[in-house]
Amino acid sequence: MDEYPHEVYNHLIFKSADFLEYKTELLAAIDERSSVNPINDDIQRVMPQLCREISVANENLTTGVVGALNQSTTTIVTNMKDGFSEVKLAQATTTSAFTSFRDALKKNFLNSAAAMTDGPTTNNSIHQEMLSTQQQQEPTIEVNYASAVPEFHSVLRQTTEKVTDVWAEWTVGLNGRPSVQDTDLQFNTAWRKQSSQQKIYSRRKMIINLIKNYSERKAISCTLASQEIEEKRSEQRMSLTHVADNWKEFESKHL
């Protein structure tokens with residue numbers, strides 16, 4: 001009215017107290033309304049819906065992630081179970097193969113021992129690979145193991161000087177002799193009853209334990225372990241007797 005004057009506004013009604021009060025309240029409301037940022041109104045209007053959308057999206061995301069994790073976990077567990085089954089199968093197969101090999105080797109040894117009664121026998125191919133040139137030249141001792149307990153000297157030599165020979169002597173035998181482990185398996189202690197024999201046997205056993213411990217610690221074969229230990233023994237110029245009697249010191253300082 002003030003900005004746009006007109007003769008109609010000269011009427012008495014526009015000068016009455018009620019109209020003036022209404023005018024004052026209307027202008028105040030307009031001023032208050034104009035001071036409010038319309039963006040804030042829009043934000044307040046859409047915020048509830050926005051919150052609902054975020055909540056739904058969060059639930060969907062959580063469900064998806066949990067589902068994916070569960071699926072991955074199930075797959076991993078299944079693969080692990082399958083892997084364990086394959087390992088067990090491989091272990092059973094290896095055990096069976098080793099048993100067959102051991103039985104065949106034992107059978108071959110018994111046949112060779114029985115044949116000794118008729119004359120000298122040639123060395124087994126496995127023995128030949130384990131023997132040194134000096135050992136191959138030694139005469140074969142003929143003993144009928146199939147019918148009697150073998151003599152101590154026909155299994156263990158008193159002149160063994162190398163760690164590699166100790167391992168070969170223990171596991172496959174030297175120069176046609178039976179191995180120590182097979183003789184123990186078949187005759188227990190009957191072939192080594194004397195105290196002097198038991199002393200030699202115990203010293204060889206110390207060397208064998210040293211080889212096995214080194215093999216396990218280095219994750220290598222016992223044959224390779226015996227070769228490395230022999231190199232250390234040779235470097236230190238130690239006899240097998242000294243190594244056997246002082247195996248802990250030898251192991252801690254040189255292995």
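Guide: What follows is a look at one helix pair and the core beside the discussion of it.

This is a predicted model, in which local features need pLDDT of at least 70 and side-chain atom pairs count only at pLDDT 80 or more, while totals for chains, interfaces and linings use all residues. Residues are numbered from 1 along each chain as its sequence is written, and side-chain values use heavy atoms, leaving out hydrogens and water.

Helices here are DSSP runs of H or I with at least four residues, numbered from the N terminus. Helix H5 (residues 163-171) packs against helix H8 (residues 222-236) at an angle of about 150 degrees, and their axes are 7 Å apart. Axes are lines fitted to C-alpha atoms over the stretch in contact, and angles run from 0 to 180 degrees between N-to-C directions. H5 and H8 are therefore roughly antiparallel, a word used for angles over 145 degrees.

From H5, Val163, Thr164 and Trp167 meet residues of H8, including Cys222, Ile229 and Arg233; contact means heavy atoms within 4.5 Å.

Ile229 also belongs to the largest nonpolar core, which has 23 residues. Such a core is a set of buried Ala, Val, Leu, Ile, Met, Phe, Trp, Tyr and Cys residues joined through side-chain atoms within 4.5 Å, where buried means under 20% relative accessible area (1.4 Å probe, protein chains only). Val180, Trp191, Ile207, Ile211 and Ile229 touch the most other members. H5 and H8 are among the helices that each supply at least two residues, and H7 gives the most, with six.

Methods: Angles under 35 degrees count as roughly parallel, over 145 as roughly antiparallel, 65 to 115 as roughly perpendicular and the rest as oblique. Buried means under 20% relative accessible area, exposed over 50%, partly exposed in between (1.4 Å probe, protein chains only).
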